[in-house]
Amino acid sequence: MKVEFTAEQLKEIDKVIERYPEGRQKSALLHVLHMAQDSFGGWLSVPVMDYVASLLKLEPVEVYEVASFYSMYHIKPVGKYVFEVCHTGPCMINGCDNIINYIKQKLNIDVGETTEDGLFTLKTVECLGACGYAPMMQLGDHYKEHLTPQRVDEIIETCRKEAAMAS
Amino acid sequence: MSVKLLLEKAHVEGIKSYEVYRREGGYRAAEKAFKLTPAEITEEVKKSGLRGRGGAGFPTGLKWSFLAKPEGVPRYLVCNADESEPGTFKDRYLMEFIPHILIEGMIISSFALGSNRSYIYIRGEYAWVADILETAIGEARANGWLGKNIQNSGFDCEMYVHRGAGAYICGEETALLESLEGKRGNPRIKPPFPAVKGLYGCPTVVNNVETLAAVVPIINITGEEYAKIGVGRSTGTKLISACGNIKKPGIYEIDMTISVEEFIYSDEYCGGIANGKRLKACIPGGSSVPILPANLLLKTAKGETRYMNYESLSDGGFATGSMMGSGGFIVLDEDQCVVKHTYTLSRFYWHESCGQCSPCREGTGWLEKIMRNMENGKGTMSDIDLLWDVQRRIEGNTICPLGDAAAWPVAAAIRHFRDEFEWHVLNPEKCLTENYGLAHYADPIQVTT
Ligand SMILES: Cc1cc2nc3c(=O)[nH]c(=O)nc-3n(C[C@H](O)[C@H](O)[C@H](O)COP(=O)(O)O)c2cc1C
Ligand code: SF4
Ligand code: FES
């Protein structure tokens with residue numbers, strides 16, 4: 001995969017840098033890393049992080065230490081769809097364990113694993129601020145709330161269809 | 001019906017847009033504010049008695065008055081929209097459904113503080129909410145509420161959204177500032193406080209979303225009128241995000257005069273415990289505050305009614321009380337296991353510790369490990385004392401309050417539910433499939449199903 005933002009994305013990055021005072025372009029790092037993860041295969045490889053460092057005129061290590069600190073950045077490859085199921089107290093009360101077990105069975109993977117076809121990764125995460133709509137998970141830029149086995153089936157089905165259309 | 005100041009218009013169709021928000025009386029407070037001086041606005045906020053809604057409850061007007069104002073140095077207002085405390089999801093609601101109330105509140109606050117560039121630091125996972133805010137900021141700018149010389153006041157202000165990337169610790173104000181600077185979210189040693197040295201080393205005020213939104217009604221109705229709502233030092237209204245085993249989880253705006261019992265059982269609020277079960281315990285202010293058994297939740301140790309306000313919830317101190325915290329109200333019914341629930345919280349804090357100070361880094365690791373063993377029927381009686389010992393060694397010995405936040409839930413669980421811990425030790429097999437139940441914390445309320 002070519003690790004290069006489009007001209008339009010580079011323009012967006014310039015605009016983001018402008019939000020911060022002169023010389024504070026490092027503040028744009030979190031934003032640019034989100035863009036990079038979305039654009040270059042869903043995770044941050046070393047070449048991707050080095051590219052981000054060069055864009056923002058930072059030392060590569062400044063990027064590595066940030067990428068490894070925040071839980072939304074994946075520093076290992078993940079499937080096309082990452083199911084991040086919340087398992088903190090309030091979601092536990094509302095049966096997230098059942099949902100996690102159901103997904104494990106259905107996709108035949110354990111937490112932290114990716115399906116063989118590279119489509120799905122299952123992760124458990126800590127509270128996502130949706131405790132009143134539990135059980136729930138994050139999928140890309142959206143939340144899937146009030147999960148039930150049926151709802152999980154539908155979500156998996158939709159992802160599979162979308163992936164088939166794209167290929 | 002209690003007073004609604006923040007959510008009054010939440011259900012008006014299209015209130016997300018500038019047009020409808022304005023038509024419903026939005027930006028009237030900002031209009032009014034630009035006719036006041038910054039000092040007069042701060043004075044209104046002081047008079048209102050508003051206390052920070054992010055968790056600590058520090059008086060907002062006082063905090064503003066600490067802001068250093070050296071000549072020629074920019075000042076910053078930063079909105080804390082990191083909202084990651086388990087049980088808390090109220091800020092998301094405000095931003096998602098009435099984004100303009102936050103933006104209006106921030107414009108007024110920026111003017112009061114002299115901040116020409118203000119940031120909203122929002123947790124990275126709320127990606128779509130960040131988009132909603134961007135749209136609303138764009139609308140506010142297009143209508144002359146942001147940019148240069150706002151409403152001919154001579155005041156310039158820009159406002160930007162800054163998305164985090166998943167880290168509870170970035171809700172701590174100095175970690176948040178580090179993260180805004182594009183670094184790891186490691187809390188800073190205080191002093192210096194952000195009011196003197198904050199973002200980029202400049203004087204900075206960090207306030208919660210709900211705090212800044214509350215500035216709008218304060219300016220609208222005046223600080224004095226705002227202070228008349230509520231009771232004692234709990235003035236105005238508070239958003240409570242209620243979750244767990246209740247009939248109606250969701251966001252409720254309360255005026256802090258209602259009792260905990262009314263909040264849980266009345267149809268206007270939580271609607272009672274779900275599935276006809278009985279109330280076992282509750283964490284009334286987000287995962288970091290002490291859990292209370294039903295009997296101490298509904299009545300204080302003195303046998304008085306407990307109310308949903310700062311003073312009443314903390315009545316009895318940590319021995320028999322809890323805290324208002326962030327307003328994350330987590331209800332556990334008779335089928336819930338306090339050991340298991342506390343274990344998930346210990347895991348949470350261990351996962352979220354930034355690792356800078358050893359009592360927190362090591363201590364949260366110990367708590368997580370011992371709690372996990374306890375939950376899995378592998379704990380011993382001496383482990384209960386060890387948990388107590390570890391939590392005590394964390395509390396008060398760390399750079400930031402995350403250490404305390406990790407210690408308190410464990411301490412409170414042992415304090416009030418020690419017999420449940422002991423039952424886990426004595427029943428290593430049974431505890432894997434069964435729960436201890438209600439025991440002597442029985443719900444004093446008669447439930448009819
Ligand atoms: C570990 C930790 C996490 C916190 N998370 C949040 C948060 O998500 N949102 C928030 O407003 N305040 C949070 N706070 C409190 C902030 O540090 C700060 O006190 C608050 O933003 C001040 O705003 P206020 O005075 O308006 O409440 C947290 C504090 C700690 C120690
Ligand atoms: S108390 Fe914990 S989270 Fe806070 S600075 Fe120390 S290690 Fe980091
Ligand atoms: S506990 Fe799962 S979203 Fe809060």
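A residue is called buried when its relative accessible area is under 20%, exposed when it is over 50%, and partly exposed in between. B:Lys277, with a relative accessible area of 25%, is therefore partly exposed. The model is predicted, and local features are considered only where pLDDT is at least 70. Over all chains, the structure holds 37 salt bridges. Its largest pocket has a volume of about 1,300 Å³, and its largest cavity a volume of about 60 Å³.

**Salt bridges**

- B:Lys277 pairs with B:Asp335 through their side chains, with an N to O distance of 2.9 Å.
- B:Asp335 lies in the loop between strand E11 (328-333) and helix H15 (338-352) of chain B, and B:Lys277 in the loop between helix H11 (260-265) and strand E9 (279-283) of chain B, so this bridge ties together parts that are 58 residues apart in sequence.
- B:Asp335 has a relative accessibility of 37% and therefore counts as partly exposed.
- Salt bridges with shared partners also join B:Arg53, B:Lys90, B:Asp91, B:Glu210 and B:Lys238 into one network.
- In chain A, A:Lys106 and A:Asp153 form a salt bridge whose closest N and O atoms are 3.0 Å apart.
- Because A:Lys106 belongs to helix H6 (residues 96-107) of chain A and A:Asp153 to helix H7 (residues 149-166) of chain A, the pair ties together parts that are 47 residues apart in sequence.
- A:Lys106 is partly exposed at 38% relative accessibility, and A:Asp153 is partly exposed at 25%.
- A salt bridge of 3.1 Å, N to O, links the side chains of B:Arg51 and B:Glu311.
- B:Arg51 sits in the loop between helix H3 (38-48) and H4 of chain B, while B:Glu311 is in helix H13 (residues 310-313) of chain B, so the two tie together parts that are 260 residues apart in sequence.
- B:Arg51 is buried, with a relative accessible area of 10%, whereas B:Glu311 is partly exposed at 32% relative accessibility.

**Largest pocket**

- The lining of the largest pocket consists of 45 residues, and those nearest its centre are B:Gly54, B:Gly55, B:Ala56, B:Gly171 and B:Glu172.
- Two or more lining residues come from each of H4, helix H5 (90-97), strand E4 (204-208) and helix H18 (402-426) of chain B.
- E4(B) gives the largest share of this lining, with five residues.
- By type, the lining residues of the largest pocket divide into 17 nonpolar, 17 polar and eleven charged.

**Cavities**

- Three cavities of 30 Å³ or more are found in a search of the whole structure.
- Residues lining the largest cavity include B:Ile169, B:Pro187, B:Ser353, B:Cys354, B:Gly355 and B:Gln356.
- Also among the residues lining this cavity are B:Cys357, B:Cys360, B:Ile399, B:Cys400 and B:Leu402.
- The lining of the largest cavity divides into eight nonpolar residues, three polar and no charged.

**Nonpolar surface patch**

- B:Phe58, B:Leu62 and B:Phe66 make a nonpolar surface patch of about 280 Å².
- B:Phe66 is located in the loop between helix H4 (60-65) and strand E1 (75-81) of chain B.
- With a relative accessibility of 48%, B:Phe66 counts as partly exposed.

Methods. Residues numbered from 1 in each chain as written. Chains lettered and ligands numbered in written order. Predicted model: local features only at pLDDT ≥ 70, side-chain atom pairs only at ≥ 80, totals over all residues. Heavy atoms only, no water. Patch = residues over 30% accessible without salt bridge, like charges linked within 9 Å, V, L, I, M, F, W, Y side chains within 5 Å. Areas by Shrake-Rupley, 256 points an atom, 1.4 Å probe, with all protein chains shown as cover. Salt bridge = Lys/Arg side-chain N within 4 Å of Asp/Glu carboxyl O. Helix = DSSP H or I, 4+ residues; strand = E, 2+ residues; numbered from the N terminus. Buried < 20%, exposed > 50% of the residue type's maximum accessible area, 1.4 Å probe, protein only. 1 Å grid on protein atoms, 1.4 Å probe; cavity = no way out; pocket = protein on both sides within 12 Å on 5 of 7 lines; lining within 4 Å. Points joined across faces, edges and corners; volume = space filled by probe spheres on them. Nonpolar A, V, L, I, M, F, W, Y, C, P; charged D, E, K, R; others polar.
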